[in-house]
Amino acid sequence: MSQYGPSRPLPVQDRVSIAIVASLYNNQFVQGLLDAGREELEELAPNAVITVYRVPGAFEIPVCAELVIKNTKPDVVIAFGVIIRGSTEHADLVGASVTDALQQMAVRHTVPVIHEVLLVSSEEQAEERCLGVKINRGTEAAQVAVNMIALFRKMRASFAGKPELEAA
């Protein structure tokens, strides 16, 4: 597991819209991601409007995220879920399907979709990534979301010919 992610972004003071789509399946782990992510977002985007949508499982995350993007136009979507491998290939199929759908959605709508639907081999791995203090993928997802909001704002300002906003 890599411990060399991007640095923590500067806080965004603007009012932004953040949608979180989170699975109820393996809820003890997903709730850890959700709690850590919200806590980090409260620090990094104190004026954000954060809306959480809970879906039954990881497979339902993309369709919910698609509906959210089409109807609410959030600045960023964060997808939280935990898939634990079993004795069949089902987990790998679900993980690949969700990954592909989220990536296509982000590109199609030009909206950052932060993918933290974790595919792990054991509950121990899920606990380490979702309930840990040292490394928590929920915290990392919030940081990536704020990084992407800031980057997209700079890019849009540059494209609109507003260089005074580019350095913001």
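Here are some notes on the predicted model above, point by point.

1. **Ground rules.** Because this is a predicted model, local features need pLDDT of at least 70 and side-chain atom pairs count only at pLDDT 80 or more, while totals for chains, interfaces and linings use all residues. Residues are numbered from 1 along each chain as its sequence is written, and side-chain values use heavy atoms, with hydrogens and water left out.

2. Buried means under 20% relative accessible area, exposed means over 50%, and partly exposed is in between (1.4 Å probe, protein chains only). Helices (H or I, at least four residues) and strands (E, at least two) are DSSP runs, numbered from the N terminus. In soluble globular proteins, nonpolar side chains tend to be buried together.

3. Contact means heavy atoms within 4.5 Å. Leaving aside neighbours within four places in sequence, Ile78 is in contact with Ile18, Ala19, Ile20, Val21, Leu41, Ile114, Ala141, Ala142 and Ala145.

4. Helix α1 holds Glu40, which is buried at a relative accessible area of 9%. What does its side chain pair with? The side chain of Glu40 makes a polar contact of 2.6 Å with the side chain of Arg8. For a polar contact, a pair of N or O atoms must lie within 3.5 Å; within protein, one must be able to donate a hydrogen and the other to accept it, and residues adjacent in sequence count only if both atoms are side-chain atoms. Not counting residues up to four places away in sequence, Glu40 touches Arg8, Thr139, Ala142 and Gln143. Arg8, Glu40 and Glu43 are also linked in a network of salt bridges.

5. **Asn136, between two helices.** In the loop between α4 and α5 sits Asn136, buried with a relative accessible area of 7%. A polar atom of the Asn136 side chain lies 2.8 Å from the backbone oxygen of Cys130, and one lies 2.7 Å from the backbone nitrogen of Gly138. Beyond four places in sequence, Asn136 is in contact with Gly32, Leu33, Ala36, Arg129, Cys130 and Leu131.

6. **Asp14 and Arg153.** The structure holds nine salt bridges, each defined as a side-chain nitrogen of Lys or Arg within 4 Å of a carboxyl oxygen of Asp or Glu. One of these joins Asp14 and Arg153 (2.7 Å, N to O). The pair links distant parts of the chain, with Asp14 in the segment before β1 and Arg153 in helix α5, 139 residues apart. Both partners are partly exposed: Asp14 has a relative accessible area of 43%, and Arg153 stands at 30%. Leaving out residues up to four places away in sequence, Asp14 touches Asn47 and Arg153. Side chains of opposite charge can pair when their charged atoms come close.

7. **Two local salt bridges.** Arg137 and Glu140 form a salt bridge, with the closest N and O atoms 2.5 Å apart. Because they are three residues apart in helix α5, about one helical turn separates Arg137 and Glu140. Arg137 is buried at 11% relative accessibility, whereas Glu140 is partly exposed at 28%. Glu128 and Arg129 form another salt bridge, their closest N and O atoms being 3.9 Å apart; Glu128 is partly exposed at 43% and Arg129 is buried at 17%.

8. **A nonpolar surface patch.** Which residues form the nonpolar patch on the surface? Leu151, Met155 and Phe159 do, with about 310 Å² of accessible area together. Areas come from the Shrake-Rupley method with a 1.4 Å probe; for residues, only the protein chains shown count as cover. Patches are made of residues with over 30% relative accessible area and no salt bridge, joining like charges within 9 Å and nonpolar side chains (Val, Leu, Ile, Met, Phe, Trp, Tyr) within 5 Å. Phe159 is in helix α5 (residues 137–159) and counts as exposed at 66% relative accessibility.
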